[in-house]
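I opened the notebook today to look up a few contacts and strand pairings, and I wrote down each one as I went.

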Amino acid sequence: MTYARKVVLVTGASSGIGEATARRLAADGHRLLLGARRTERLDAIVAEIGAAGGTSAAHPLDVTDAADVRSFVAAARERYGRVDVLVNNAGVMPLSELGQGRTGEWERMLDVNVRGVLNGIAAALPVMRAQRCGHIVNIASVGAYEVSPTAAVYCGTKFAVRAITEGLRQESGGELRVTLVSPGVTESELADGITDPVAREAMKSYRAVALPASAVAGAIAYAVDQPDTVDVNEIVIRPTGSAQ
Ligand code: NDP
């Protein structure tokens, strides 16, 4: 796969880091399948990638639905003949203190951030094993390494993604490459999903200094473009000077 045009699947490609990753990897010559629920956004991104000379397609995807994720992977095989890289990027972050008991939001974080990643692994692994090569890139967060108030559940999901990624790496059997990318604050729509007014206000100063999503896309591109024999395991990327 070294330096070849790869087939790359990106979940949550309709905004933020996923969108930037799709644009970057398409510009690098890879062939992309973009998944998310907001398909009109995906269609617009696919059109722009095409106008710039890149190759991509859109697929409706809810990562919490295992059958949906299987059909996402199957669609990539049908269109491009193989699956080289899966970027498990889709995520949500409705922050609040545990005492508020926003159990529905906890469940959504667990479903999208953890179950979504597992659904991606379950769908892609058999295909990659049959090919005897493949690369799974999971997007965690600096919240996979440290916890802060209002972020207990979100960090819990990202600690889980980190643990699952390390387990997958250990089981990769020399055929798979496995990468965890953990961004600090990055420009995106992620904080728009915070419904708790206190957490929402606190985020304004916390998120004042942020990486452009293209910087995280560059980190993902670095891992993807390494030779087959080089497995980049973890990348933590923050805005310069960020304490968190
Ligand atoms: P955005 O909110 O901009 O993007 C999130 C993406 O996830 C959207 O494309 C959204 O698409 C998709 N998504 C949400 N729910 C689902 C679902 N059920 N099925 C499929 N797709 C879904 O945020 P970011 O770009 O910031 O987030 C990307 C990843 O980066 C997340 O995992 C996040 O936790 C992580 N991260 C972000 C940081 C930041 O500061 N921005 C820092 C650290 C980590 P749609 O709604 O169309 O389905």
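I began with Arg129, which is partly exposed at a relative accessible area of 32%; buried means under 20%, exposed over 50% and partly exposed in between, with a 1.4 Å probe and protein chains only. The model is predicted, so I noted that local features need pLDDT of at least 70, that side-chain atom pairs count only at pLDDT 80 or more, and that totals for chains, interfaces and linings use all residues. Residues are numbered from 1 along each chain as its sequence is written, and side-chain values use heavy atoms, with hydrogens and water left out.

Entry on salt bridges. I took a salt bridge to be a side-chain nitrogen of Lys or Arg within 4 Å of a carboxyl oxygen of Asp or Glu, and the search of the whole structure gave twelve. In one of them Arg129 meets Glu175 at 3.6 Å, N to O, and this pair links distant parts of the chain, 46 residues apart. Glu175 counts as buried, at 18% relative accessibility.

I then looked up Arg169, whose closest N and O atoms with Glu166 are 2.9 Å apart. Both residues lie in helix H5, three residues apart; helices (H or I, at least four residues) and strands (E, at least two) are DSSP runs, numbered from the N terminus.

Entry on strand S1. Which residues of S1 are buried on each side? I found Val7, Leu9 and Thr11 on one side and Val8 and Val10 on the other. Five bridges join S1 to the parallel strand S2, where strands pair if DSSP finds at least two bridges between them, and Leu9 stands opposite Leu33 in S2.
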